[in-house]
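Please read this briefing alongside the sequence and the 3D view. It covers sheets, helices and aromatic rings in turn.

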Amino acid sequence: MTGPLLQLEGVSKTYRRGGLFGREEFRAVDNVSFRIEDNEPQVFTVIGESGSGKTTLARMILNMVRPTAGTIFFKGQDLASMRGARARRIFMKDVQPIFQNPFEAFNPLKRVDRYLLMTAKNFTPARSSAQLEAAADRALKKVGLSIGEVRGRFPHELSGGQLQRVAIARALIPGPSMIVADEPVSMVDASLRMSIVNLFRTLRDDLKVSIIYITHDLATAYYVSDRIIIMRKGEVVESGSARVVLENPQHSYSQLLKSAVLSPDPHGRGVLTGDSAASQQARASPHPQIDNLEPQVR
Amino acid sequence: MTQISGSPLDENSYVLETRALRAYYRMKYFGIDREVRAVDGISMHVRKNEIYGIAGESSCGKTTFIKAIAAAIRPPLEIVAGHVNYNFINNDLYALPSKERSAIRWRHLSYILQGSMNVLNPVRRIHKTFEDFAFRHMHMGRSEFEQEVKRHLERLRLPAEILRAYPHELSGGMRQRVCIALATLCKPEFIIADEPTTALDVVVQKDVLAMIRETQSEFGSSMIFVTHDLAVHANITDRLGIMYAGRLVEEGRTADVFSNPMHPYTAHLIASLPRIGDIHPRNALTGSPPSLADPPKGCRFHPRCPLAMEICRHENPALTTLAEDHRVACFAASATVQPTSDEKPQHPEALETVR
């Protein structure tokens, strides 16, 4: 198949807040365009801090939120034209989500394997319980688990890293061509973070799944991603090949983000005592706003 | 109020010392005893004017350890054995009557906690929160106290207007700064910081860390800084202790621990850190951390350890000084490095084999 897997054209989302009086509009996502080609699976990273519109963008790609303006095409189909449960199910077979906090994504009163079996029942031809278990087990094997480890377990019985891998396995059952992962490692411990990020590489290389990886962690983004966009207040400020952008950021905001990343190489005492212009400014106002920083940054 | 103890404070004196501290959660369900050994024999000390970092993954006992050294113990958590000594009380914290203990809190021993929204009372303006926390410890009149609060904010370069604000009017980073101001108002000798920047964005995080560092060095306080993010430790702590399954497995000067990690767990943690400019593949550890209710025998890391030997399965390695100011609990590391013979361990308890 030719053509883009996913294409966004001038996508915006505006939220209204306030009641009858003093209504204000808030642009969560502002005129975002990019495309992911079908023939080359890739890890596409969206970077930004909280409030930059990353999650709204993810929800629009998952067709959970309609954009106010612009169009999203998935495999040539306009998401806004999708009608009915059947079309939705066909779309979900191709695009699967992974959420930030696995403890919130799973109902604590339901057994974890139930999610896997239900997904297999809804999205694969398997019908008998043995077939369903086999489908779940195949997906779990891809993330380094097996059905024996999760059968009958409740979410609290698994560690955060295991649970997040179960969430990824669940997303793999329908055989999607794209996974949207919204901050998948921010709630996971440092030692397990790499196992999940490594898993994304494997999915891309072996299963040819494209991954939209949403994060605020520049170091893992550099490690895993092929292409990157940096968002600030709903707008894309910089985009391109991940290594090129992160090694040599051009936009002042990208440079500020990169300079704020703490290097793990120890500098010893005093490295943080230098007071940057940014922090001076942030303390001068009770509501520090990143957008005021522009003139001061290089 | 002057200092309670008369002991002189020089650079090398300890402000906090724990000896073979054990804190267990003891529960009884339907007649079955269950014991979770969250802190199992930790001996360490924190020196004057230093930031001591504690790293480890979740459920390794970090928070329980903090609770134990702050005497914030509630059932089912119990102190089973060991001592917690602060030099400013010249005594075991648990030997004090509770009234004296609460007089020490905030005045000599204060905390910076993770969720700043939960620390600040949402229905009280910030200046009321300052009164709630610190007024009774400052022993001064109300107007004098207000002046002192304003001076303190000025010293930390925070605007005085925040005193009139409610917590929800401030951004997350600002709230965390207010919490730091709150915790340092009485110029305490000891500050406990539990994941103070984990919920913040990278740009804000760097500023808040810089503020913690500045404030700590200005007042000469000692600090325990807990986070699982090793990059934060690399940038703020002077010494670093690595915890695994309720025990301290390595401790040393932060730069030494990073440049020469001796415990395989530490070595793995440091090798797996992603860095910008390096796409060399990182391996993840297999397996998952042990359950503290039923930890493996011997060294608790041995089921996941690439260097595990026969002895690791039966005996628990003691925390041994293997280099200057660098203690490691690992048989494999001890076999390769000969401990300097003339150097005596600082505490005999430190070498006590735990279970």
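Buried means under 20% relative accessible area, exposed means over 50%, and partly exposed lies in between, with a 1.4 Å probe and protein chains only. Helices (H or I, at least four residues) and strands (E, at least two) are DSSP runs, numbered from the N terminus. This is a predicted model, in which local features need pLDDT of at least 70 and side-chain atom pairs count only at pLDDT 80 or more, while totals for chains, interfaces and linings use all residues. Residues are numbered from 1 along each chain as its sequence is written, chains are lettered from A and ligands numbered from 1 in the order in which they are written, and side-chain values use heavy atoms, with hydrogens and water left out.

**Helices**

- In helix 11 (residues 252-260) of chain A, 7 of the 9 residues are buried, so this helix is largely enclosed by the rest of the structure.
- Its buried residues are Ser252(A), Tyr253(A), Ser254(A), Gln255(A), Leu256(A), Leu257(A) and Ala260(A).
- Helix 7 (residues 202-219) of chain B has 18 residues, of which 15 are buried, so it is largely enclosed as well.
- Gly220(B) follows helix 7 of chain B and has a positive phi, near 65 degrees.

**Strands and sheets**

- Two strands pair if DSSP finds at least two bridges between them.
- An open sheet of 4 strands in chain A has the order 2-1-4-5, with antiparallel pairing.
- Its edge strands, each pairing on one side only, are strand 2 (24-37) and strand 5 (77-78) of chain A.
- Strand 4 (residues 69-74) and strand 5 of chain A are joined by 2 bridges, and Phe73(A) has Asp78(A) as its bridge partner in strand 5.
- Strand 6 (residues 95-98) of chain A is covered on both faces, with Val95(A) and Pro97(A) buried on one side and Gln96(A) and Ile98(A) buried on the other.
- Strand 6 pairs with strand 7 (residues 178-182) of chain A in the parallel sense over 4 bridges; there, Ala181(A) is the bridge partner of Ile98(A).

**Aromatic rings**

- Rings of Phe, Tyr and Trp (its six-membered ring) pair if their centres lie within 6.5 Å; planes under 30 degrees apart count as stacked, over 60 as edge-to-face and the rest as tilted.
- The whole structure holds 12 aromatic pairs over all chains.
- Phe106(A) and Tyr115(A) form an edge-to-face pair, 4.9 Å centre to centre with 85 degrees between the planes, and both residues are buried.
- Tyr86(B), Phe88(B) and Phe190(B) form one aromatic cluster.

Technical notes:
Expected span 1.5 Å × (residues − 1).
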